[in-house]
Amino acid sequence: MTDSNTAGLREVLVARYDDLRSRLSQRLGSAELAGEALQDTWLRLDQGDGIASVRRPMAYLFRMAFNIAVDRLRAQNRRLTTTEVQTLIETADEAPDPARTAEARFEVAALVRIMAELSPRQRSILLAARLDGTSQRKIAEQLGISLSLVEKELRLAQEYCAARLDRKLASSTVRGDLKRL
């Protein structure tokens with residue numbers, strides 16, 4: 001845009017500011033938004049984007065200010081409201097903190113060591129039932145033993161692991177064991 005074109009548009013903007021603001025306010029439904037759009041229009045004219053002569057300066061300025069206002073509204077709608085931001089801040093993080101992660105790893109490692117103490121049959125029954133989700137009847141068929149024996153071995157394995165895990169956790173401080181891991 002040449003300096004004379006820019007100067008001419010600025011003169012029209014200053015001379016017809018009230019008219020432009022009134023028309024924009026009606027179209028946008030906000031006098032404040034119209035005023036801000038006209039201020040931004042002035043600043044954009046100051047930058048001079050290489051536009052040649054303008055035949056209808058009022059229509060050009062109105063359209064420029066209107067487009068600026070629409071862009072502002074779109075940007076505003078993409079932003080979160082204060083309530084939405086507050087809700088996000090107050091939302092609890094479901095991920096475990098590092099201490100809980102370390103404690104869980106310690107417990108899993110302890111359980112693996114305890115399960116190694118089980119008989120091979122008890123360990124395979126426990127893993128099949130609790131880890132793989134295999135039914136007790138299917139385990140009995142696979143191992144060629146009775147259903148009641150599977151139930152008994154599973155109960156004994158669970159009780160043994162639970163008792164040993166409770167003793168292990170109670171007899172050692174988690175921090176001390178964590179340092180050794």
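Is S25 buried or exposed? S25 is buried, because its relative accessible area is 17%, and buried here means under 20% relative accessible area, exposed means over 50% and partly exposed lies in between, with a 1.4 Å probe and protein chains only. The tour will come back to this residue after a look at the whole chain.

**Before you start**

This is a predicted model, in which local features need pLDDT of at least 70 and side-chain atom pairs count only at pLDDT 80 or more, while totals for chains, interfaces and linings use all residues. Residues are numbered from 1 along each chain as its sequence is written, and side-chain values use heavy atoms, with hydrogens and water left out.

**The whole chain**

Of the 181 residues in the protein chain, 25% are buried. Among contacts with a separation of 6 or more, 68% join residues 24 or more positions apart, where contact means heavy atoms within 4.5 Å.

**Helix α2 and S25**

Select S25, which sits in helix α2. Leaving aside neighbours within four places in sequence, S25 is in contact with S30, A31 and A34. Next select L24, which, not counting residues up to four places away in sequence, touches G29, A34, L38, F62, A65 and F66.

**Helix α3**

Now select residues 31-47, helix α3, whose 17 residues reach 25 Å from the first C-alpha to the last, close to the 24 Å expected at 1.5 Å a residue; the expected span is 1.5 Å times one less than the number of residues. At the start of α3, a side-chain oxygen of S30 comes to within 3.5 Å of the backbone nitrogen of E32. The buried residues of α3 are L33, A34, G35, A37, L38, T41 and L45. Q47 also belongs to α3, but Q47 counts as exposed, because its relative accessibility is 59%. Show T6 as well: the C-alpha atoms of Q47 and T6 are separated by 9.1 Å, although the two are 41 residues apart along the chain.

**The nonpolar cores**

Show the side chains of L13, L20, L24, L28, L38, L45 and L61, which have the most contacts inside the largest nonpolar core, a group of 18 residues. The elements giving two or more residues to this core are α1 (3-15), α2 (17-28), α3 and α4 (57-78), and α4 gives the most, with eight residues. A second, separate core of 16 residues includes L118, A128, A129 and I145. A nonpolar core is a set of buried Ala, Val, Leu, Ile, Met, Phe, Trp, Tyr and Cys residues joined through side-chain atoms within 4.5 Å.

**The largest pocket**

Select S30, E32, L33, E36, R72, L73, A75, Q76 and R79, which line the largest pocket. A pocket, on a 1 Å grid over the protein atoms alone, is an open set of points where a 1.4 Å probe fits, with protein on both sides within 12 Å along at least five of seven lines, and lining residues have an atom within 4 Å of a point. The volume of the largest pocket is about 160 Å³. The largest share of its lining, four residues, comes from α4.

**A last stop in α9**

Finally, select E153 in helix α9 (residues 147-171). E153 is buried, because its relative accessible area is 9%, and, leaving aside neighbours within four places in sequence, E153 is in contact with R121, Q122 and I125.

Note on methods
Polar contact = N/O pair within 3.5 Å; in protein donor to acceptor, adjacent residues only side chain to side chain. Points joined across faces, edges and corners; volume = space filled by probe spheres on them.
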